[in-house]
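Dear colleague,

Please find below the sequence and structure that I am handing over to you. My notes on what was found follow directly after it.

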Amino acid sequence: MDKLIAAKSEPLWNTNNKVISVIVGLVILLFALPLVGLNSFYLHLFIMIFMHAVMAQSWNVIAGFSGQISLGHGAFFGIGAYATSFFYMEYGITPWISIFFGMFVSGIFAVLIGIPMLRLSGHYFAIATLLIGISFQVVFQRWDLVGAASGLWVTMTPEDSWTALQFHSSKVPYYYIFLVFFLVSFFAVWVLSRSKLGYRLRAVRDDPQAALSLCINVSNYKIIAYVISAMIMAPMGSLFAQYILIIDPDRVFNIEISIIVLLITVLGGIGNVWGPIIGASILIPISEYSRIYLGGTGGAVDLILYGLILMIICVFRPNGLISFIPKDILERKKQR
Amino acid sequence: MTSEIILQAIVTGLMMGLIYALIAAGLSLIFGLMEIVNFAHGEHLMLSMFSSFWLWSLFGLDPLFSIPITILLMAFCGVLTHYFLIRYILKAKMLIQICATFGLSIFIRSIAQLLWTPDFRNVDKPLLEGRIELGSVFIGQPQLYASLVCLIAFVGLYLFVTKTETGLALQATAQDRHAAEVLGIPSNKMFAIGWAIGLGCVGVAGGMMANYFFIFTDVGINFALFAFVAVALGGFGSIIGCLYAGIIIGLVESLGGLLIDPSFKLLYVFVIYLLVVIYKPQGLFGRY
């Protein structure tokens, strides 16, 4: 309770000045990076890092902040991807609008799923979400309106187009789009983590009964966290669909998506805003390089590494890699 | 849609249900002991089927005779799992426990994919073949024997846990590991035994299923999902609950597939799961 009052009385910007300048420097560097003339592999690498960092951040909101382990988070990624591509192909609605539509649909689904399921806790919720993730894949594989198992092939524009969000000649526009979404969603989650809502969510995670006794409606807050989490996940699905321009249920509803967001977050540090950034910037290069050098298709070497890393982290560093960084560097300086 | 077809579906569902029950019993035993859900359970099932397959393919041993070897291998695998992974995460948060066993499942599955490729395999001409005709109902022999062996193993497991001294020690550890330690029951050893027995059950089921089921690296996922559901239905930690829950799931799967649409089998089971955990969160026979 002391912490809660303290957090409220301190202004949002009261972070360590050095940390702020390092972050601003990094952001400027990221914006300047394509000007140096990176080749398309590195651009792809950065795009994947941004995308997975946001996806992991979304999982972090539900699992890290409110403590509900969702093993089917890929469902919202797929909803976002399908919403954008479907409305673009059927009605010619620009992806810029249907991204928000995807967010909206994901949010609705999160409420519908959340109301019955967030009454469950712990293992029950984890198993239920695992089933949800697979159910979405099964349904979309059989749903003829959205192309069933063969998926949707987005009609290609002849030239690069900002309205259709398709760029064939260069990956630089994608880089900037993903970068902006990355920064916006991180800022949003950072604000969330230090807001009243963020502290209430953590109270729900740490001790639901104590939270209840402080008049925090536990199940409502869990649903709010689930909705926020789903709405962060969906735009990434939409952008990913625009990035690769072909989506099918096995790709966008794959259980691997649900696995990798969990892995990145646990690797970086769960329940911490910086965890997903650290996790993604370490794990995605490992995965892309291992695919290049050790063979990708069928070999599944990157998955072996994922599994191994996940177990090692759980055994030796349950708080993730961020726990190597001394706490007082990241946290705001002690005033008293 | 005649009564014969429905009868056939009931028999098929019952036979599958007994197999689900045994797989779930292993999971439930482990959960009851240390409150850890083994998310790698399906992968352990896959391993046991592959063990049966390789014993047949390399040494010409029929799956029926290699069952004891498979059980021993799986029990050993269980002890290894406990020794190298589980004992470190016993005191960790639930989230970390879930992530660790989930990591184990990814690890085993992808190693298997690397070693054996994702091809589908099956045992050619096993001893158990053909089918029995009972009136208008056809029963596949391998399926029938698989479910009977699973039922026997289940009864054996139940008697072991409730009647023998080791079984009672297991129960004591499950109820209160500190009190059990005060009485001289080493909980670490009990956990290892629990893992060995839990995966031994999977060994029986996998070994018997190798007779008729396709063997591939992703085979475990569906069985594990149904086992999770069965454990939740029966009540976490209740072994006898798994039997009823497994049968319910088998029946729902086969009757739902027959009456509505076979491609959505998973959804029917899911609906049952949701209904039970929402209206009776402790499961049908749960202690908690």
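**Notes on the two chains**

In chain B, residues 24 or more positions apart account for 78% of the contacts with a separation of 6 or more. Please keep in mind throughout that this is a predicted model.

Chain B has 11 helices and two strands, and when it is read along the sequence the order of these elements is α-α-α-α-β-β-α-α-α-α-α-α-α. Its radius of gyration is 19 Å, close to the 19 Å that the globule rule gives for 288 residues, so chain B is as compact as a globular protein of that length. Taken along the principal axes, the C-alpha atoms of chain B fill a box of roughly 60 × 50 × 35 Å, and 52% of the 288 residues of the chain count as buried.

Within chain B I looked at the packing of helix α2 (residues 41-59) against helix α3 (residues 63-89), whose axes are 9 Å apart and meet at an angle of about 135°. That angle makes α2(B) oblique to α3(B), and the crossing of the two helices is right-handed. On the α2(B) side the contact is made by His44(B), Leu47(B), Ser48(B), Ser51(B), Ser52(B), Leu55(B) and Trp56(B), while α3(B) contributes Pro63(B), Ser66(B), Ile69(B), Thr70(B), Leu73(B), Met74(B) and Cys77(B). By class, the residues of this contact divide into eight nonpolar, six polar and no charged.

Leaving aside neighbours within four places in sequence, Trp56(B) is in contact with Leu61(B), Asp62(B), Pro63(B), Ser66(B) and Val123(B). The C-alpha atom of Trp56(B) is also separated by 9.9 Å from that of Ala210(B), although the two residues are 154 residues apart along the chain.

Turning to chain A, the secondary structure comes to 15 helices and two strands. A compact globule of 336 residues would have a radius of gyration near 20 Å, and the 20 Å of chain A agrees with this. The C-alpha trace of chain A spans about 60 × 50 × 40 Å along its principal axes, buried residues make up 46% of its 336 residues, and residues 24 or more positions apart account for 77% of its contacts with a separation of 6 or more.

The helix pair described for chain A is α4 (residues 74-91) and α10 (residues 218-244), which pack at an angle of about 50° with their axes 6 Å apart. The two helices are therefore oblique to each other, and their crossing is right-handed. Among the residues that make the contact are Phe76(A), Phe77(A), Gly78(A) and Gly80(A) of α4(A), together with Ala230(A), Met233(A), Gly237(A) and Phe240(A) of α10(A). The contact of α4(A) with α10(A) has 12 nonpolar, seven polar and no charged residues.

Finally, the contact between the chains takes 35 residues from chain B and 35 residues from chain A. On the side of chain B that touches chain A, α3, α4 (94-116), α9 (220-234) and α11 (265-279) each supply at least two residues, and α4(B) gives the most, with 15 residues. The residues of this side of chain B divide into 29 nonpolar, five polar and one charged.

With best regards

How values were computed. Residues numbered from 1 in each chain as written. Chains lettered and ligands numbered in written order. Predicted model: local features only at pLDDT ≥ 70, side-chain atom pairs only at ≥ 80, totals over all residues. Axes fitted to C-alpha atoms, helices over the stretch in contact; angles between N-to-C directions. Helix = DSSP H or I, 4+ residues; strand = E, 2+ residues; numbered from the N terminus. Parallel < 35°, antiparallel > 145°, perpendicular 65-115°, else oblique. Left-handed = near helix turned anticlockwise from the far one by under 90°. Contact = placed C-beta atoms within 7 Å. Nonpolar A, V, L, I, M, F, W, Y, C, P; charged D, E, K, R; others polar. Rg over C-alpha atoms; globule rule 2.2 N^0.38 Å. Buried ≥ 20, exposed ≤ 12 C-beta atoms within 10 Å, placed from the backbone.
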